[in-house]
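Okay, thanks for making time for this, everyone. Let me put the model up, and then I'll walk you through a few spots in it.

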Amino acid sequence: MADFHQGGTIATLHDLGTRSLGDLERTLCRFNEKRPLALLIPALYSELEGPALSNIVEHIAKIPYLSAVVIGLDQADEAQFHAAKAFFSRLPQPLHLLWNDGPRLRAIHDRLDADDLAPNQPGKGRNVWYCLGYIAATGLAEVVALHDADILTYDRMLPARLLYPIAAPDFGFRFCKGYYPRVADDRLGGRVSRLFFTPLIRSLAQILGPTSYLEFLDAFRYPLSGEFALHTDEIPRLRIPPDWGLEVGLLSEIYRNLNSRRVCQVDIAARYDHKHQPMSESDASSGLARMSREIAVSVFRKLATEGVVLAPETFRTLKAAYLRNALDLVQRYQADAALNGLDFNIHAEEAAVETFTRAVIEAGDTFLASPFEPPYIPSWSRVSSAHPDIPAALAQAVAEDNGFALP
């Protein structure tokens, strides 16, 4: 049974186990009549061949309240795009499949790239950015929820609880972040969130002094979760990073655009497991080593935009503070794991902290070497200002790829 504690600057909506899925879905059906609801899933073609996505689609096919399902498909050739259309054809909801590597969407990308308005690297951030632009261009939903395509423990409660806080007309929320415990194979998961991000944010507050931005980030129980929902009116103003900094970059944009009273987090799953990334201790260009470095760079650049001065000595002090705070948290996780009968490998945990410590320094070096590099993909408002025809062209390209007519 969850508690009902409210802490930090945002609302926390718990799962007290007192409301059934059927009751939630019946209410969401009523919401959907006045506020169309959509689900967005960014996916690699390879994930269609993995163990998770087929089960996800089976569950989504039973959801009664969705007005649309939007799939952003990456790394697919023409044959694979048609295979993906067949794969998702079992969905009864209207399907919008974005073939990001297809000639029509590539042509749009090239036009934007010529004016430095396109994402400068492939990845989840780019995929999500085009999907959100498509949703805004078509107006197919008023509320959209996003989750990953590799969730092994997926069921219909996840999208229902994720969408509900934004869909409920009297709640007043515009952005909702999902949270859950990461426990798999009798061990604690979520290493980047609990061993890197949380001690990093608290160390920054320790050496820079508390800021409303750092307090906002620290209020989230799982700030790096890949699941969120938002009101689609917020899409045009969003700028997001194209790399692993997507989740923290999105939270930074929400912090900039919304009052914290309009932001909440919601418990969406009692169990959650997905594809695990390798730590890559000896290769900073891949795995969790790369992920942690890119997340830290995203935080540093956002702090700079808040007027915080980050000098070389700042990062040397941050390294020491981070290491101490992270090791202190390892002790807490060890006790938590023991109480709950979970395995806990102190060596592996502290080795992860050592890898993340190097990421702090490398992220500082990256920031100092290129402090003016544009950190985010331009907003869709800017794209529409520079190329007023692009949103309609994007909608038309997706319609032609999918073989349906625009209304």
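**A buried isoleucine, and outward from there**

So, let's start with Ile-235, which is buried, because its relative accessible area is 1% and the cut-off for buried is under 20%. Before I go on, keep in mind that this is a predicted model.

Where does Ile-235 sit? It's in the loop between β9, residues 228-231, and α9. If you leave out residues up to four places away in sequence, Ile-235 touches Leu-132, Ile-135, Ala-136 and Leu-230. There's also Trp-129, which is 106 residues from Ile-235 along the chain, and yet the two C-alpha atoms are separated by 9.2 Å.

Is Glu-234 buried or exposed? Buried, as it turns out, since its relative accessible area is 5%. Glu-234 has a charged partner, though: it makes a salt bridge with Arg-237, where the closest N and O atoms are 2.6 Å apart. Arg-237 itself is partly exposed, at a relative accessible area of 38%.

As a reminder, side chains of opposite charge can pair when their charged atoms come close.

Now for a local one. Arg-26 pairs with Asp-23, and the closest N and O atoms there are 3.9 Å apart. Why are those two separated by about one helical turn? Because they're three residues apart in helix α1, residues 21-34. Asp-23 comes out as partly exposed, at 30% relative accessibility.

**Helices against helix α10**

Next, helix packing. Take α10, residues 287-305, and α12, residues 346-369: their axes come within 8 Å and cross at roughly 45°. Angles under 35 degrees would count as roughly parallel and 65 to 115 as roughly perpendicular, so α10 and α12 are oblique to each other. The crossing of α10 past α12 is right-handed.

Who's in that contact? On the α10 side you have, among them, Leu-288, Ala-296, Val-297 and Phe-300, and they're part of a set that meets residues of α12 including Phe-356, Val-360, Ala-363 and Phe-367. Two of the arginines you can find on the α10 side are Arg-293 and Arg-301, and α12 brings in Glu-362.

Then look at α9, residues 246-257, which also packs with α10, at an angle of about 20° and with the axes 9 Å apart. That makes α9 roughly parallel to α10, and α9 passes α10 in a right-handed crossing as well. From α9 the contact uses Val-248, Gly-249, Ser-252, Tyr-255 and Arg-256, and α10 answers with Ile-295, Ser-298, Val-299 and Lys-302. By class, that's four nonpolar, three polar and two charged residues.

**A few last spots**

Here's a threonine to look at: Thr-314, in helix α11, residues 312-339. Thr-314 counts as buried because its relative accessibility is 13%. Setting aside residues up to four places away in sequence, Thr-314 touches Ile-207, Leu-208 and Val-309.

And finally, some backbone angles. Which phi does Gln-75 have? A positive one, of about 55°, although Gln-75 is not a glycine. You'll find Gln-75 in the loop between β3, residues 68-74, and α3, residues 78-88, and at 58% relative accessibility Gln-75 counts as exposed. Asp-186 is another case: its phi is positive, about 60°, and it's not a glycine either. Asp-186 is in the loop between β7, residues 183-184, and β8, residues 187-188.

That's my tour, so over to you.

How values were computed: Residues are numbered from 1 along each chain as its sequence is written. This is a predicted model: local features need pLDDT of at least 70, side-chain atom pairs count only at pLDDT 80 or more; totals for chains, interfaces and linings use all residues. Side-chain values use heavy atoms; hydrogens and water are left out. Helices (H or I, at least four residues) and strands (E, at least two) are DSSP runs, numbered from the N terminus. Buried means under 20% relative accessible area, exposed over 50%, partly exposed in between (1.4 Å probe, protein chains only). Contact means heavy atoms within 4.5 Å. A salt bridge is a side-chain nitrogen of Lys or Arg within 4 Å of a carboxyl oxygen of Asp or Glu. Axes are lines fitted to C-alpha atoms, for helices over the stretch in contact, and angles run from 0 to 180 degrees between N-to-C directions. Angles under 35 degrees count as roughly parallel, over 145 as roughly antiparallel, 65 to 115 as roughly perpendicular and the rest as oblique. A crossing is left-handed if the near helix is turned anticlockwise from the far one by less than a right angle, and right-handed if clockwise. Ala, Val, Leu, Ile, Met, Phe, Trp, Tyr, Cys and Pro count as nonpolar, Asp, Glu, Lys and Arg as charged, and the others, Gly among them, as polar.
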